[in-house]
Structure formats: C-alpha cells, structure tokens
Amino acid sequence: MNDPNGLCFFEGLYHVFFQYSPGSADGTTKRCWGHFVSPDLKWFEYKGIVFRPDIPEDSDGAFSGSAVVKDGKMHIFYTGNVEHPGNYDYINEGREGNQIHVVSPDGFEMSPKKVILKNRDYPDDCSCHVRDPKVWIEDGKWKMVLGARTKDDRGEVLFFEAADPDDWHFVRSVTAPDMGYMWECPDLFELGGKTFLAVCPQGLDHEEFKYQNTFSSGYFSFDRDNYSVSDLEEFDYGFDFYAPQTFLDANGDRILIGWMGMGDSRYSNPTTSLGWQHCLTIPRRLELEEDGRICQIPLVDYCEYKEGEPFAVVLDQNEEQGPFTICVGDAVLRFENEVLSLSFGSSGCGRDIRKVRCSRIRDLKILVDSSSLEIFINGGRFVMSSRFYPDNIPSVECCGCSADIAGILCS
Ligand code: FRU
C-alpha cells in the first residue's frame, strides 16, 4: 500500500481509501484503490478494492485523490495514470494524467467513472506529470489543487474551480524557488483561521537537519490574496512519512493521515517476503501553535490502552535538561546539544540516522507497535515516524530521563 486517499466522514463512518497494488509487495502491479471503514478512527475494517484500472483513461493505475461529501453523496476525484507503450521519456511525452470523478450514494457503490480533466486542460508549461486532486467546497464553489511538474522541472500546484464538479476551469498555478522538480499530493486547508498549502516536493537537496529523506512532505502558510507561500515546514522528521492527506472529522477537527513509507529509499521492509509492505500513520489531529506552526496530536489516548496493546512512553522534563537516551529495542532516541536524533541497529533494515534541531524537549510521546515508531515531540510540534523490525517485543530503557510506561505490546 501507499498513499491514503479519499479520507472523509460520511453518514456515521470514516472512509480511508488507499493506494493498493494487490499481488505485489514491491508495488509493481497497477495501482487500485483499497478501502477501509471505521466508526471511530481506532478500529478499521477492510472492505476490498473499489477502483481498478479498468477504463482507457486510468489503464496504468488509479492514482491518488480525495473525497468530498455534498448533499448526501460522496464525490471522489482521482488521477487516471496512462503510460503509452513506446520509446517515451514519460515526463514530457507518453504519459496521461486524467482527473476522474466518481459519485457514491453510500461510500461503497460507485457510479461510472467520468473524466473531467485531461492534459490538454493544464497550462502549456506543464509536463505530463499532473496528478493527485484534492477537492473541497468553499463559498458554494468547488475548488481543486493538483500537483504538477513543469517542462523546466519545477514543482508546482495548479488551482482549478468549478460551479459544477464535472466542469472545471484553471485559475492559476503556485510555485516556490528551489523547491524541487515535482510536487505530489497537494492539500489546501484552514487551521485556526490561517490557510495552509501542503505539498510533497521531490528533488530537494538533502541537508543535515532538512529534507533528510529521498522525498519530502511539508506545508507552506498560504496567502490567499497573492497566491504566495512562506518557507516550507516539514511535517515529519522520521524515515517513513509521505503523501499525507487531511480531512475534517465528526467534531470538525482537522485530521491528518500519512503514508508510513518512502519511495526510492535505500532502506527496506522485510515484510515484502511475506507479500506485503507499508502502512499508514495513526490519525493525527492538527492544531495551530502561536508561532503559526502546526502540531500533530495522535488520535490515541494511550492511557486507554491496556496490557497487550501498543505501548507509549510519556516523559516529563521540568528540571535543567541534560543529555538523555531512550532505547526501544535497538532504536536509540538521543537528545544532546539541542539535537534529538533517532538511529537504529539491525531492526532499522538500513535506516541510519534522522535528526531534529530543538533547544528543549518539553515532552515526548512515543507510540510503538510491532513494526512502527511514531515519536511526538513538544506537543507534536515535531514528529518522527519510522518503520522498524525488531525480532522481539522491544523493551524500553531510559537513561538520563524518566518515563511512565502506559501499556506493553505483546503481539
Ligand atoms: C505519491 C504518489 C502520487 C501518485 C501515487 C501513485 O506517493 O506517487 O503522486 O498519485 O503515489 O501510487
């Protein structure tokens, strides 16, 4: 599996669709959409495949997209990927990125697929890489952002609008200097009265404390009047996080779910030999901090968890802060000289080290499951998400700090 898709709350149920390559743990089969539902974002039930690449306009994959609930119907928008056989570069020729609209009365039964945008509808400076529609309704208008790569290799977001969800027109594009060759999976949302534009840039230069992964994922604060953006803030500093999507839950809170994976990485996931790979993050509620940054709060009250379920470590540091280390099996979380680092031994399967610069650690929440680690730092101001594959149930040891263990994993 890869990206979460079509996240929404509809008639009492959460729908979590996702990119699914059935039958190939390495993702080589054509992408479908798989489907989970949940009453509460804690317990999920798999419902099967909803979209397969079965029309000419999505013949090489039903790629990522989103869902909007309007007048008792679920509207899904996704990208139909087409790769023509031949000697093409598949960047400027040989590829189609078709946007497709499907309507569902109940979240399960789907209408026929309707193609609403094709490559000829995008601005002339776009390459063939245009995908991942995120749609919302604002002031009675349908609005869409699409991720794109220009012919001169810049990542950008295309803004479209519509009065009728089958009839879209281009409004304008948004880019930023030196921010990679392609932006995937855009998302535009409001939080605490501010507007944010999230994107997944590919092709950023890797630095010691920034853009440490092959591909990146972050958000700009977005000026709606000028369509201008701030500097990018990263959503996550771990090894495995990409293609997040946000939506509103039943309480009107903005929730983010990310893909806990990373394309083209040098590290691996040994589950491929068992026929599967990757997972999604725990859903996270987004909150705005006073400094305009976004905090992510896991939608899991770890105190609810009893023995036999995932465990969390809670750490409070009120005194003077010296160096400290927390080990979860052979995963080492080390704070020293204003840097928090996460490194692995053999359980990391090639994952080496990731770092966050942070002058003080106020609190840490560490959610550990049998092959995942999600570390929430300072109320979720920084997050590090990683897969790891310990042989045994990892034990937690703290050195230089104290921790309350709220539960322990045993499956
Ligand atoms: C991001 C992505 C999207 C695309 C999908 C295909 O991980 O590359 O841009 O729609 O995955 O599975």
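Residues are numbered from 1 along each chain as its sequence is written, and side-chain values use heavy atoms, with hydrogens and water left out. Because the model is predicted, local features need pLDDT of at least 70 and side-chain atom pairs count only at pLDDT 80 or more, while totals for chains, interfaces and linings use all residues.

The shell around the ligand consists of Asn2, Asp3, Gln19, Arg31, Phe63, Ser64, Arg131, Asp132, Glu184, Cys185 and Tyr242 (a residue is near a molecule if one of its heavy atoms lies within 4 Å of it). By class, the shell holds three nonpolar, three polar and five charged residues; here Ala, Val, Leu, Ile, Met, Phe, Trp, Tyr, Cys and Pro count as nonpolar, Asp, Glu, Lys and Arg as charged, and the others, Gly among them, as polar.

| Protein atom | Ligand atom | Distance |
|---|---|---|
| Asn2, polar side-chain atom | oxygen | 3.0 Å |
| Ser64, polar backbone atom | oxygen | 3.1 Å |
| Arg131, polar side-chain atom | oxygen | 2.9 Å |

Taken alone, the ligand exposes 320 Å², and the protein buries 91% of that area (Shrake-Rupley method, 1.4 Å probe).

The ligand sits in the largest pocket, in the sense that more than half of its atoms lie within 2 Å of the pocket's grid points. A pocket is an open set of points on a 1 Å grid over the protein atoms alone, where a 1.4 Å probe fits, with protein on both sides within 12 Å along at least five of seven lines; lining residues have an atom within 4 Å of a point. β5 (62–70), β9 (126–138) and β13 (182–191) each give two or more residues to the ligand shell (strands are DSSP runs of E, at least two residues, numbered from the N terminus).

The lining of the largest pocket comprises 45 residues, with Asn2, Gly27, Arg31, Trp259 and Gly263 nearest its centre. This lining has 15 nonpolar, 18 polar and twelve charged residues.

Two non-glycine residues have a positive phi: Cys349, at about 45°, in the loop between β26 (339–343) and β27 (353–357), and Asn378, at about 50°, in the loop between β29 (372–377) and β30 (382–387).

Definitions and conventions:
Polar contact = N/O pair within 3.5 Å; in protein donor to acceptor, adjacent residues only side chain to side chain. Helix = DSSP H or I, 4+ residues; strand = E, 2+ residues; numbered from the N terminus.
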